[in-house]
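Keep the structure open beside you as you read.

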Amino acid sequence: MWFFARDPVRDFPFELIPEPPEGSPPGPWTLHRGRKKATSSPVSIFVYDVKPGAEEQTQVAKAAFKRLKTLRHPNILAYIDGLETEKCLHIVTEAVTPLGTYLKVRAEAGGLKELELSWGLHQIVKALSFLVNDCSLIHNNVCMAAVFVDRAGEWKLGGLDYMYSAQGNGGGPPHKGVPELEQYDPPELADTSGRVVREKWSADMWRLGCLIWEVFNGPLPRAAALRNPGKIPKSLVPHYCELVGANPKVRPNPARFLQNCRAPGGFMNNRFVETNLFLEEIQIKEPAEKQKFFQELSKSLDSFPEDFCRHKVLPQLLTAFEFGNAGAVVLTPLFQVGKFLSSEEYQQKIIPVVVKMFSSTDRAMRIRLLQQMEQFIQYLDEPTVNTQIFPHVVHGFLDTNPAIREQTVKSMLLLAPKLNEANLNMELMKHFARLQAKDEQGPIRCNTTVCLGKIGSYLSASTRHRVLTSAFSRATKDPFAPSRVAGVLGFAATHNLYSMDDCAHKILPVLCGLTVDPEKSVRDQAFKAIRSFLSKLESVSEDPTQLAEVEKDVHAASSPGMGGAAASWAGWAVTGVSSLTSKLIRAHPTAAPAEASVPQRPMPEGLPAPATTPVPATPTTSDHWETQEEDKDTAEDSSAADRWDDEDWGSLEQEAESVLAQQDEWRAGGQGSRVGQVSSQDHKSPESEWNSWEAEGSWDQGWQEPRSSEPPPEGTRLASEYNWGGSEPNDKSDPFASLSTRPSAQPRPDSWGEDNWEGLETESRQVKAELARKKREERRREMEAKRAEKKAAKGPMKLGARKLD
């Protein structure tokens, strides 16, 4: 019967990576990179090969193996596992790099900052303080070769080969026998008389001074070089001189050295060291202290090393959110650190936290997530958005806080490309319809219109046909002036999604009604849009073969041509639109500086100057959009889509009195009143007038019938007075003279429901609704009469009587 001996190295759960060793520090050990066989997680493996005739060195290696295994401290190299055989010793530690190698690599990349060096030296001194003051151990080997750096940039003290007890147990210091290490010995060791008075930490503090000199100046050539501080920072020089003083008695204790360097103005008194010290003790900090720390952390992260942010700050942020109830304050630093992660790391570490945050009921967290969605939206896949994020986000449309409703609307620009058919074309449109019709905040109604114009290309063909025209038409009747501008710009931005029939019968009549709007900004945009749509119709009229090309996107399932524009608008929705609720409606509006490419039209007398508004995109892709006589208008319209970003849309912080004041000034100047806006006779506020209008309308309401006409505002130019593209001024009589009075819109009563997209556009529907209402009323009266008859027949029941039928 045969027995085969097991190979302990082969059964060891860690393996060496087949490549040259990372370094061979002075001493018996060789450092190799390794990994755990089960998980492939990186480790470092120190290897010592037992050689015949080197018993003394073998005993030193075994002593180091034992010391590292029993000593546990955050600033001492962390032991993971070990293997001891007759042929070799293996010590497995956390993945580290020798300090000398680390400094060389960083020097090639620009060098280490003083912040990093201050914290690294702080860690080594703290490890020496632990050994000397808490363990009564002398390290006896402090030098560059005994210091290692982990992946977070943390410095770890190793090289425990020659450690001995400060109390004299186990004999004196072991013999090194390595010339490279003996050059760091203090001068008093050469005195064998024993008359030199010294402290137990004196020798290690001298070696610490040598380490500081090498960190800033490179390898130490000889002990005499210590007299010249070289590149050592001025704030550290006085404390360095204490370390390398000839009198060992005056060398400070490691704890005192830290205290001196942490004094005001000291080398280790900076934000980076304070942040690290707080993170080390974060588990015992009060909740209020944690909140304040995370709020201030984001201000400093940009100046901190990238590795430190990824491997030390990020785990603490995730732990604070998961177990510490840190809440919304961790979001800003979390997303700042996320910029340093790869796509895989982001998916693994950040996205699960973000998904969990969206289910939170904390308003502060929800609004911060919406505000910073641009930073993580690219890492979210469509199933996650539709099943785990969107169902929680839509609750923001119903929130009583206007700021959350506004941020929810703006976030849809980023979420829309990832939403499925049901969420985008049904659920989202239902909420948009309610916000545009019923929200009491003018800026939110305006934002809804703007967002709809930007995501229109993602809607299905049937939804576009059903929603866009009705929604933008409704916006043009809003008492909030920027909403009317948004409605006009919405028509222009989605011009390729309408048929020629819709342009002629639905869009142009709405735009023509805005040419006498009290706000000049609205009138200007209306005229530009009218010229663009007329030019489009004229080009098709001249060449009917263009019809198929012009209407190619109308019935398309999606509009790839609009996708790029929508993507370019995404930055506007998160940055430019974020100011919507803090800019618009000034108490005393003044004229905004005009853009160089947009000439300003003359202002009607008595009308306050509105803010500069962006120019709508010319709704065509061909050269037939504008005639040669309208080259100036074409130049104005060329960059319209990009200038949506410049529009000043609305403010939740201020009320809409300025709009009312401008309309009153219009009336006072004899300019007339725009029908459908705030009436000067009943003195209704713009918001109440809007609420009364929206109660009757829906996005798909039928076109309105004219009612009693009113005289046009004084100074209003007739249609024939405009040069509609002719080469010469039109001197003919006005063909619209008989129509000089402006018809007003009489809304027809509709029913409004969250899912009611089809308006009652025929008289037969109105009649049926009226008959149904009358039948319900008659039925109600009959039921009340029957109840009264029964009650009178039976009479009042006595207390305790039993009802018998």
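**A walk through the model**

Arginine 484 is buried, with a relative accessible area of 0%; buried here means under 20% relative accessible area, exposed means over 50%, and partly exposed is in between, using a 1.4 Å probe and protein chains only. Before going further, a word on what you are looking at: this is a predicted model, where local features need pLDDT of at least 70, side-chain atom pairs count only at pLDDT 80 or more, and totals for chains, interfaces and linings use all residues. Residues are numbered from 1 along each chain as its sequence is written, and side-chain values use heavy atoms, with hydrogens and water left out.

Back to arginine 484: what does its side chain meet in a salt bridge? The partner is aspartate 517, at 2.7 Å from N to O, where a salt bridge is a side-chain nitrogen of Lys or Arg within 4 Å of a carboxyl oxygen of Asp or Glu. This pair links distant parts of the chain, 33 residues apart: arginine 484 sits in helix α21 (residues 481-493), and aspartate 517 in the loop between α22 (500-513) and α23 (520-542). Helices (H or I, at least four residues) and strands (E, at least two) are DSSP runs, numbered from the N terminus. Aspartate 517 is buried too, with a relative accessible area of 0%.

Across the whole structure, the search turns up 27 salt bridges. Another one joins the side chains of glutamate 427 and lysine 430, at 3.4 Å from N to O. These two residues are three apart in helix α18 (residues 421-438), so about one helical turn separates them. Glutamate 427 counts as partly exposed, because its relative accessibility is 27%, whereas lysine 430 is buried at 14%. For a further example, look at glutamate 281 and lysine 285, whose side chains meet at 3.6 Å, N to O. Glutamate 281 is partly exposed at 40% relative accessibility, and lysine 285 is partly exposed at 23%.

Now for the cysteines. How many disulfides does the structure hold? The count is zero, with a disulfide taken as a pair of cysteine sulfur atoms within 2.5 Å. Two cysteines to look at are cysteine 309, buried with a relative accessible area of 0%, and cysteine 451, buried at 5%.

Next come the rings. A pair of aromatic rings is described by the distance of the centres and the angle of the planes. Rings of Phe, Tyr and Trp (its six-membered ring) pair if their centres lie within 6.5 Å; planes under 30 degrees apart count as stacked, over 60 as edge-to-face and the rest as tilted. By that rule the structure holds 16 aromatic pairs. One of them is formed by phenylalanine 293 and phenylalanine 294, an edge-to-face pair with 5.4 Å centre to centre and 65° between the planes. Both phenylalanine 293 and phenylalanine 294 are buried. Phenylalanine 472 and phenylalanine 491 have ring centres 5.5 Å apart and planes at 70°, so this pair is edge-to-face. Phenylalanine 472 lies in helix α20 (residues 461-475) and phenylalanine 491 in helix α21, so the pair ties together parts that are 19 residues apart in sequence. Both phenylalanine 472 and phenylalanine 491 are buried. Ring pairs also link Phe272, Phe304 and Phe308 into a cluster.

Grid points are joined across faces, edges and corners, and a volume is the space filled by probe spheres set on the points. The count comes to four cavities of 30 Å³ or more.

Finally, check the backbone at two loop residues. Serine 136, in the loop between α4 and β7 (137-138), has a phi near 55°, a positive value in a residue other than glycine. Asparagine 140, in the loop between β7 and β8 (147-150), also has a positive phi, near 70°. Serine 136 counts as buried at 15% relative accessibility, and asparagine 140 counts as buried at 6%.

Terms used:
On a 1 Å grid over the protein atoms alone, a cavity is a set of points where a 1.4 Å probe fits but cannot get out, and a pocket is an open set with protein on both sides within 12 Å along at least five of seven lines; lining residues have an atom within 4 Å of a point.
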